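Subject: Structure handover

Hi there,

Here is the structure I promised to pass on. Have a look at it first, and then read on for my notes.

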Amino acid sequence: MTAASTVCSDTTRLFRNASRDARPRLAFGTKAETLERFAPIVQTCRVPDLFYFTLALWRSDPSAVQREIRKRFGTGNLAIRSSAFHEDSATQSMAGAFRSVLNVPGQDEAALVRAIEEVLASYRSNHPGNQVLAQAMLTDVVMSGVLMTHDLTSGAPYYIINYDDESRRTDVITGGTDVSKCLVVHRDAPPDFIESPRIAALLAMARELESLCGGREPLDIEFAQTGDGQLHLLQARRIAVQKNWNRAVRTRLSEALEQLEQFCSEHFKPRHGIPGDTTILGQMPDWNAAELIGAEPGPLAVSLFRRLITDSVWQEARATMGYRPAPNEPLMLTLAGRPYIDVRNSFSSFLPDGLPAALESQVVNAWVDRLASHPEFHDKVEFDVAQTAYDFTFERNLFQRYAGRLDAADQNLYRDSVRALTLRNLSLSEDGSLSRALRTISRLEDQPPTGPRSEPPLRRAFALLELCRTQGTLPFAIVARHAFLAEALLRSAIERGAWTADRLEAFKRSLVTTAGSMARDFQSVLSGASSPEEFLKRYGHLRPGTFDILSPRYDQREDLFHSPPNAGARAPSTSPKRERFELTDPEKRAFQSLCDEAGLTLKPQALFDHAAKSIVGREHAKFVFTRPLSDLIECVAAWGERMGLTREDLAFLTLQDLSDTLSAPLTRDAETHFQSLAHERRSQSREMRGLRLGYIIRGPQDLYVIPQHRGAANFVTRKRLEAVPVVLSSRMTGTSDLFGKLVCVECADPGFDWVFAKGIAGLITKFGGANSHMTIRCAELGIPAAIGVGETLFEKLAKAGRIDLRCAEKIVRPLAA
């Protein structure tokens, strides 16, 4: 064997000196050469034994190569890996372009030859300098993954760690064959923010490798850890896309992060008049901001959502029902333009009004602590964290969640207050809050459009805004809270054995909602039984992004009714025959027993009447309030057109920007003023995209160490299927053949209901809760779904060739093409 084809011992090849850096820097070579150079000098990890050889040597003397491999590695299993001469260069990584063959039996000569030839064939080049790398397969692998020392897209100063600690394989992350976990750590994160010893070890390894490479080279590191705790370096290469990065981004993001840390440190302190010692910020608790306006909404959408819901409507609605008022307290904050719900404010509004301040704080503290310990409950706080109704598991949860926090007197007071609030709101009397809210919605539905069409569009927009707030979102919020109350009672009855999850689904399928009517009407248009004009007169205002001016309305989509050939013949009914739902006699007795035990003085049928009225009413109220909201957005667009502004410009303005023009005229050209404002905010938004923020922030440490959102999905039905995914966006104007496909959407609201008339096999959403619109809709139609799967899993599923969805087993996973 020649020196060029064996492991090199010439240390002069290990380092080169940078002209502006006195520290020696490791000289990168091929994959094999780089590993070889790291092997004798790394302290925080080890490089598995390796042997590499060139194509020229393999072609001239393959027997010698095989003898050397057997001599070095014996008969154990081998990894035969690529190490092409143009792989892992400073300008291109060629990641995944070449073949590697794992678990090759060392004693099987034919298998070894096949593996080597497979790797060489993948190069599609006969360059004599191409190499093949042989290594012993690692055993007892407990974790493997890839660590980037900077954000790959922007160059932002984060360590990005994608890892798998379940499969016990080394190729899960690099092969993209399964769902990984992801952790993002800011490069300036204080050591005490790193709670996991194994993550701390990975960061130490990354920093050592960076130091050996001169301290400035962004690296892509492949690693594995074995059961003895030893870290193994499998690959280290330069990040090739760094040439595309804006180098100023690090300074800008560091400044922004410092400001966010100061804000959170102050905001998380106790606050006068607000129960609870601290808070949590989350994208999905309570009003599910990320689902309704998106994880990175524009300023106009944010300002609309605030005015219509999170400034005051949210707490006004609950106060009407007997919950604790929270006046002058916004529910939503924004961090670098991203929406977060203030959980302390949210939880305070779930308390019955009139409790002593000390008891209020004790309960809110218990809820905040539970969410901090179980962040996977972030989109289910009304069911798994806070107790917002006296359901049939209240006593059990009272004991489990407040042990050592509430004395007997406090428990009795809290119990009696929640029970009284629940009984009050289960009433269907004409003066009850549910009946009053539904009457207000009916008045809005019957009311003609506000203001004459000749009125200036911006003034008309603000008239519609006030109408939408007082007669739309406020009563909707009341009805929605009633639906949550009903859902909590019905779910808790399953836990108590009064009925089953299948029977709950059957009950929901018996309900006729506005969404169900729309799907039937849509199918009627496709079949030719009714006209598009009739459909659009009733539903034309809907848009997939309810608050987004860039999301087209139904009546702005020329392709809305376009269908592939024979789609009507293939599509299953979107409105299965409604079966009358009736409780069985054993169920009636079980529910009555639960009501009697809980002190809820009502019959089971009254409970189900309330549930039906609130669930159907919620969907109808949402449909009704979206009309004035959609119309006001179009008024803003019309005003913008007169000003020479595009919808893209308008998306970066706020309601305050617009209302100021009605009372304080501009002193310079309006088009120039607003375009400049939009351009500045667009630039700020672009800069902040590199800032990594998690779905939940429990304190300043979560600004520096950020687990990616891996949601505990809400599964609908108990069905199982395997299908091809199709990803849809709220801003898309074209449609594709969705028949038999698994539709994937980030934030699904009523504007996406048209998909149910396309014969879809199932639905997957990134965001969404147990009581979100699409959860209800899929239950109504019996369509299998995984709602709110989280960021990490959603991205994997969206790129998969096929998806395996098993609702009964609560499993959703990507499959190979």
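The accessible surface of the protein comes to about 33,200 Å², and carbon and sulfur atoms account for 49% of that area; the areas come from the Shrake-Rupley method with a 1.4 Å probe, and for residues only the protein chains shown count as cover. Please bear in mind that this is a predicted model: local features need pLDDT of at least 70, side-chain atom pairs count only at pLDDT 80 or more, and totals for chains, interfaces and linings use all residues. Residues are numbered from 1 along each chain as its sequence is written, and side-chain values use heavy atoms, with hydrogens and water left out.

Of the 817 residues, 58% count as buried (under 20% relative accessible area with a 1.4 Å probe and protein chains only; exposed is over 50%, partly exposed in between). There are 29 helices and 24 strands, taken as DSSP runs numbered from the N terminus (helices H or I, at least four residues; strands E, at least two). Among contacts (heavy atoms within 4.5 Å) between residues at least 6 apart in sequence, 70% join residues at least 24 apart.

Strand β19 runs parallel to β20 (residues 742-745), and the two share four bridges. Proline 725 has leucine 742 of β20 as its bridge partner.

Now to the rings. The whole structure holds 28 aromatic pairs (Phe, Tyr or Trp rings, the six-membered one for Trp, with centres within 6.5 Å; planes under 30 degrees apart are stacked, over 60 edge-to-face, the rest tilted). Phenylalanine 51 and phenylalanine 53 make a tilted pair, because their centres are 5.8 Å apart and their planes stand at 35°. Phenylalanine 51 is buried at 0% relative accessible area, and phenylalanine 53 is buried at 1%. Phenylalanine 522 and phenylalanine 561 are also a tilted pair, 5.4 Å centre to centre with 35° between the planes. That pair links distant parts of the chain, 39 residues apart: phenylalanine 522 is in helix α19 (residues 514-527), phenylalanine 561 in the loop between α20 (532-539) and α21 (567-570). One aromatic cluster is formed by Phe392, Trp499, Phe507, Phe581, Phe591 and Phe608.

Arginine 419 has its charged end over tyrosine 390, 4.7 Å from the ring centre, and arginine 491 lies over the face of phenylalanine 383 at 4.3 Å.

Finally, a look at phenylalanine 268, which is in the loop between α7 (249-267) and β12 (281-282). It counts as buried because its relative accessibility is 8%. Its C-alpha atom is 7.3 Å from that of glycine 699, 431 residues away along the chain. Leaving out residues up to four places away in sequence, phenylalanine 268 touches residues including Arg344, Ile697 and Gly699.

Best wishes

Key
Two strands pair if DSSP finds at least two bridges between them. A charge sits over a ring if NZ of Lys or CZ of Arg is within 6 Å of the ring centre and within 35 degrees of the ring normal.
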